[in-house]
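Please look at the sequence and the 3D view while reading.

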Amino acid sequence: MFKELELIVNDRHNHAKQLKVRTNKGIIGYLCSYVPEEIIYAAGFIPVRLFSSEEAASLADTYMQSYYCTFSRCILHQALAGDFNYLDGLVTAYTCVNMRLAFDSIQLYGKIPFSRMIYTPGIIDDPNSKEFYYKELLRFKKDMENLSGRSINNDDLREAIKVYDENRSLVNDIFKDRRNPVPSITGKEAYIITLSGMLTDKQEHNEILKTTSKQITNRAGMKKGVNRLMIVGSPLDNLKLLDIIEDDLDAIVVTDDTCTCTRYILGKTPEENINQDPLKAIVERYLIKRPPCPTKHAQNRWLQCSSCPFRAVSCFLMNPAQKKKLPKSLIFSNPERICRFRHSLQLAINHNVEGVIVLQQKFCDPHGFDYHHVAQSFIDIGIPSIMLEIDNIISVGQIKTRVQAFLEMLQPVNYVIEPEIKEGISLNI
Amino acid sequence: MRVAGVDVGCLTAKAVIVDGNDILASTVILVENTTEIEADRVLCMTLKKAGLTRDCLSFVVSTGAVPATWAGSDFYLSEVSCAANGALYYYPLTRTIIDMGAENCFCSKCDGDGIVLDYIANQKCASGTGLFLDLISGVLEVKIEDIGKLSLDSKKYLKMNLTCAVFAESEVVSLIHQGEKKEDIINSLHMSIASRVVAMLKAIKFKEEVIFIGGVAKNIGMAKALSSEIGSQVKIPSNPEAVIALGAALEARALA
Amino acid sequence: MTESDSRGLPLKTWPMLKEVNNNYNFQIAAAINEGKPIVIASGMCPQQLQGAFDVVWVTGEWYGSICGFSRDVGLCETAERCGFPHETCSYARMTIGSMIEDRGFLGKYPKPVAVLGTEGLCNVQAKWFEALARYHNVPFFVLDSAPIPSQILPEWWGEDAVKDSVKYYAKQLENFIDFLEWVTGQKPNEEKLIDAVITMDRNERLWDELMRLWRAKPSPIAGRSLFTFENLIVSLPTSHAASRVLEAIIEELNDRIAKGISGIPNETIRLLWQAQPGWYVLGIIRYFESQGANFVTTPYLELWGSHFRYDWCKEATPDWFREFNKPNNFAECFWEISKSIIAQMTRPRLEAGVKAIKQMALEAEIDGGVWHAVRGCKGVSYGELAEREALRELGIPGLILEGSPADPRDFSEGPALRQIRIFIEQVKRIKKRRKRNC
Amino acid sequence: MITVGIDIGSLSADVVILHFNDSNERGRVLSYSIIPTGFDTEKTAKKALNGALEKTSIDIKDISYIVATGYGRVNIPFANKNISEISCHAKGANYTFNSARTVLDMGGQDCKVITCDETGKVKSFIMNDKCAAGAGRSMEVMAKLVGVPLESVGELSFKIVDKPSNITSTCVLFARSEVMELLRKGVHKNDILAGACDALMNRVLSLMGRSQIETDLVISGGIAKNVGITKRIEEKLGFSVKIPEEPQIIGALGAAIFAKEILCKGKPA
């Protein structure tokens with residue numbers, strides 16, 4: 001029943017070209033899940049996300065050193081090879097330096113008619129950055145208006161937001177089922193759902209999802225009594241990995257915290273704002289309501305930590321010296337998904353995860369520096385984890401051995417929700 | 001007026017003696033001793049071949065791994081420039097050169113006067129070199145001289161990640177265990193090496209004609225892969241190993 | 001670091017410089033022993049702010065690089081052992097390793113009361129410091145220096161785009177002061193801050209002048225010597241001592257130029273260097289000099305001045321953005337700081353880099369460029385390859401040297417020297433031919 | 001009952017035949033065989049199996065369960081189950097030395113450090129990334145290069161003539177040409193081997209550091225036969241390590257024991 005969607009993922013370029021002809025709409029490529037697609041959609045374009053492909057990023061060698069991540073290098077490679085020639089524009093949100101260089105290079109050498117980088121604030125909870133982001137989005141909206149030659153009024157935005165929120169809730173409904181002892185969709189199917197969503201017109205995607213979800217409800221559960229895994233870390237756009245985990249080996253991926261799947265569809269646009277100022281609503285959604293990525297920081301997260309149910313090691317519990325009250329100016333709103341560690345721990349527990357696979361895209365700094373804490377905090381609540389170093393080309397033999405061994409060492413977990421507070425991190429993982 | 005060029009690599013040493021425009025003699029020997037000694041040895045052998053003695057030579061240019069301290073040479077010129085000279089001798093229209101030696105692989109762009117306009121070489125990574133193919137042929141239990149011919153019967157192209165030779169080796173091993181055919185594996189190796197090389201070529205914005213030299217140039221499979229990746233036939237001079245030594249000799253002719 | 005320059009003519013300024021540099025290291029060590037509160041900050045944290053509080057300000061990059069010069073691989077390995085991948089910035093791994101083993105060139109590792117990261121240039125400058133803060137479980141503050149969003153130059157960016165970025169940053173600085181006040185329990189000192197801002201601007205202009213003199217033909221100073229002056233503008237930009245040294249060296253160079261004294265005996269080749277040096281670079285540069293090649297300019301050093309920071313975006317920004325006004329209070333200080341930081345942060349863009357490098361190549365009349373591809377430091381080595389391409393189009397050959405600022409395992413001299421040898425030969429032959437043709 | 005473990009590594013294929021009467025019996029190794037891995041995995045496995053059977057009176061049909069492991073584990077159709085070499089090495093080492101808590105397996109392609117509990121169940125493991133530098137392959141290359149049999153590398157590496165030569169390159173290929181240059185310079189082969197052993201040992205230890213080393217430490221895999229490495233590791237760690245008399249079959253042995261456990265599952269002990 002996922003054939004249609006899988007085809008979109010595997011044949012993304014042709015699909016986009018056909019889409020362009022069929023809908024007679026422009027196609028805008030984007031590089032990062034922080035790009036507010038709603039605005040692009042409201043301008044009458046179809047945003048499609050650009051992914052890496054399983055080829056050596058040889059053309060990228062001209063502009064990107066070998067120590068930039070293959071995910072970004074491969075996107076540049078495809079752009080230079082002309083695979084993205086159907087794009088009417090390229091948009092990215094500033095998140096990591098790898099993507100930034102890929103974008104800059106495409107902007108200068110990629111021959112794509114329009115390109116724009118939106119600066120997404122690195123701090124997500126400060127009202128000041130919301131204000132800045134709001135203004136930045138206003139400018140972006142104007143650029144999109146100039147590009148499409150038609151003005152975007154609030155109702156256009158509301159319409160777009162409606163489509164996207166519907167998509168989010170549809171996918172979420174399907175994903176809810178993954179908490180069951182015997183989920184009725186596999187991890188691969190989950191990824192197919194979200195990836196295809198990023199690669200096609202959201203409205204059409206919604207229609208497909210409606211029929212699919214019906215079929216899923218009266219479908220027998222997948223893979224009884226196998227290990228329940230979670231994937232966290234660098235973006236995953238290569239389904240081969242899931243084939244290894246779920247077909248070659250006996251396990252099922254029941255949830256994840258990656259920007260190509262769950263993180264992308266979590267976080268609905270706050271209703272109240274939509275009615276008054278939809279753009280404000282978009283700001284709220286992208287800064288606060290969605291789970292953050294490692295390049296985004298919560299300025300006063302130490303407040304968070306003191307109220308965190310799993311006081312995982314070395315989160316910023318105020319140490320005795322700083323017990324004195326924070327100045328007002330430093331106390332911002334206190335939204336619940338502001339801490340990504342807390343968020344993924346919660347996901348793991350909700351889905352009865354037995355083991356975690358931490359994906360480390362080679363040369364990905366943001367995730368690289370987080371790995372230690374991610375692994376540590378999962379250990380603290382009693383879930384073992386393994387780090388897989390991945391590349392745009394999955395080397396089957398290597399990965400299979402590691403994952404299989406990991407599965408063989410898994411034991412039934414009993415979660416530790418309130419681990420005792422330790423000072424500093426322990427060294428060995 | 002007779003001059004000579006001497007080139008010592010990490011596996012073989014080569015020497016060429018030219019007189020005006022004709023090559024009197026050229027030799028290629030396997031390196032067994034220190035670079036200096038080998039340089040002397042290969043030069044003597046070549047002299048013998050040509051029926052000459054050392055004092056018949058009015059100028060000697062050394063290149064490659066030959067140290068500047070080698071008493072035998074009057075001048076040192078890097079292999080990149082020598083390659084340009086040598087290639088131009090065979091093909092006056094040479095504009096781009098691919099050299100695949102035992103350990104080094106470089107692409108260079110030159111003009112009609114043999115001046116290197118641009119070049120790019122493998123710094124850390126040994127993949128796409130002779131040693132690398134040696135290693136793989138060992139894993140595949142195929143003689144190195146046969147892999148070229150063998151790869152020609154392959155129709156299949158398997159995706160491979162060639163970030164480093166050793167990585168590739170384990171890649172090949174797992175391919176073997178997946179039951180892939182030897183010829184397909186070799187062919188895929190050639191193709192992926194070729195695509196890496198072509199990336200280097202693109203990086204220096206290469207022009208026609210492309211000349212393929214160095215020990216690996218004797219591997220027809222590699223040549224075929226390169227031609228198909230580039231989209232035009234690469235030219236391979238007779239005795240491609242000695243081209244750099246020849247280039248040195250020609251430099252000597254110019255300087256003498 | 002060599003005492004004397006070529007022709008046995010010592011730089012008169014050397015003793016001054018060494019004294020200032022040594023004092024700096026000494027002061028930090030001393031302050032740590034006194035038990036002053038230590039703040040570890042990313043190199044992109046506005047240096048001026050340390051003036052406002054009585055704290056020991058340890059710059060992560062500075063700390064990492066000194067660990068790097070001591071070639072202590074063990075520190076890197078410790079960090080990797082704890083799950084910080086080898087691919088990440090070696091400064092960061094050095095610092096984290098030193099933190100975990102609680103040893104370093106200062107003896108012990110300076111345990112901070114707060115850690116300050118910056119977002120906007122490269123993510124490492126936030127994530128790395130976040131890791132430090134987690135380890136010590138101390139408050140962590142991120143300064144998000146929003147670069148002015150990417151639009152192709154010379155198109156006018158629009159005044160509000162620029163203003164928003166500056167305002168955004170200035171507002172953060174207010175929070176930042178509150179934060180430090182909260183952490184240290186000290187009241188911020190307005191006079192000192194104002195003085196720091198003014199001195200830094202002054203030093204930056206002096207630095208510009210130094211860079212200009214360096215480019216003279218023949219260059220009055222050897223490139224390698226100039227890297228030793230880097231610490232003045234990187235670590236001591238707000239100190240009056242630094243200004244004195246800079247004034248002295250400027251005077252000396254003017255004098256040398258007048259006398260026609262060149263930095264290296266026979267300057268036949270003029271080169272451009274990009275990115276920070278590693279511990280091994282000194283040796284490499286010596287080799288270049290032995291071949292009559294001198295480095296006469298580098299974007300990396302120029303970036304610390306104010307001229308280079310603003311020059312490339314003249315058409316795109318309003319004048320007030322590029323002009324410095326003496327501040328009289330906190331608010332004005334924050335505004336001035338924000339302007340310079342935003343400019344510095346917006347600068348590392350491909351287009352800007354390419355534009356600037358072409359301009360420099362022509363102004364400094366260079367024969368070739370050497371790019372130090374600093375493994376793991378994506379911020380500094382940003383867009384190097386494109387820059388080389390740009391010079392190629394001008395017929396100027398370029399060499400990419402793979403290396404690492406601090407991790408000895410990431411540099412192998414053999415292949416590097418081979419590359420350099422060929423490169424120099426290439427440059428020489430091209431020059432020779434040019435002569436022949438004209 | 002008879003169970004068999006087959007370990008198809010990148011360099012060698014090992015088979016162990018295990019006999020036991022019931023689950024609570026420890027079982028004993030009837031025979032084993034070690035042959036170089038060929039191009040065809042299945043053929044190699046059959047060849048190795050027959051090799052082991054020949055040494056016994058057992059016929060292939062007497063075998064009640066076969067577990068395969070190693071790189072080639074998935075390509076052996078006649079095996080009943082495949083288990084990763086990591087689990088198998090832990091099992092095998094724990095069977096040979098009950099006190100084993102950490103296993104250092106140095107195979108041809110890769111090098112693993114495995115920590116396990118008293119039952120031989122894996123607690124954590126680390127594998128070198130796609131680089132054979134820290135593994136047997138490099139040693140083999142070096143031995144071939146200086147022209148000494150692999151077995152004698154160990155002892156020679158201690159008969160240092162001048163001083164251990166410093167081999168910097170991690171990449172096997174570059175290290176190889178580095179050694180070539182040394183040979184040409186006339187450096188004594190013992191010194192080179194000493195250098196190679198030091199380099200390998202350092203690489204292995206930096207890998208080990210990543211996981212806690214609990215004693216006893218067992219070294220398995222081909223390299224364990226190389227005293228040049230094992231002695232050096234002992235020196236560095238400051239305690240003695242345990243080495244099985246036939247370190248190469250540990251993986252296959254572990255597989256055979258897994259086979260036994262699977263058979264006995266459910267049956268009363």
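## Where chains A and C meet

The model described here is predicted. In it, 56 residues of chain A are in contact with 58 residues of chain C. On the chain A side, at least two residues each come from helix 5 (97-109), strand 4 (115-118), helix 6 (127-148) and helix 16 (365-380). Helix 16 of chain A gives the most, with nine residues.

The side of chain A that touches chain C can also be sorted by residue class. It has 29 nonpolar, 19 polar and eight charged residues.

## Where chains A and B meet

Chain A also touches chain B: eleven residues of chain A are in contact with twelve residues of chain B. By class, the chain A side of this contact holds four nonpolar residues, four polar and three charged.

## Chain A as a whole

Chain A contains 17 helices and eight strands. Its C-alpha atoms fill a box of roughly 60 × 55 × 50 Å along the principal axes. A compact globule of 429 residues would have a radius of gyration near 22 Å, and the 21 Å of chain A agrees with this.

Of the 429 residues of chain A, 62% count as buried. Contacts within chain A can also be sorted by separation in the sequence. Among those between residues at least 6 apart, 77% join residues that are at least 24 apart.

## A pair of helices in chain C

Two packed helices are described by the angle between their axes and the distance between the axes. In chain C, the axes of helix 1 (residues 14-34) and helix 8 (residues 223-235) come within 10 Å of each other and cross at roughly 50°.

Which residues of the two helices make the contact? Helix 1 of chain C supplies C:Leu17, C:Val20, C:Asn21 and C:Tyr24. Helix 8 of chain C supplies C:Thr228, C:Phe229, C:Asn231, C:Leu232 and C:Ser235. Taken together, the residues of this contact divide into five nonpolar and four polar, with no charged residue.

Key
Residues numbered from 1 in each chain as written. Chains lettered and ligands numbered in written order. Predicted model: local features only at pLDDT ≥ 70, side-chain atom pairs only at ≥ 80, totals over all residues. Contact = placed C-beta atoms within 7 Å. Helix = DSSP H or I, 4+ residues; strand = E, 2+ residues; numbered from the N terminus. Nonpolar A, V, L, I, M, F, W, Y, C, P; charged D, E, K, R; others polar. Axes fitted to C-alpha atoms, helices over the stretch in contact; angles between N-to-C directions. Rg over C-alpha atoms; globule rule 2.2 N^0.38 Å. Buried ≥ 20, exposed ≤ 12 C-beta atoms within 10 Å, placed from the backbone.
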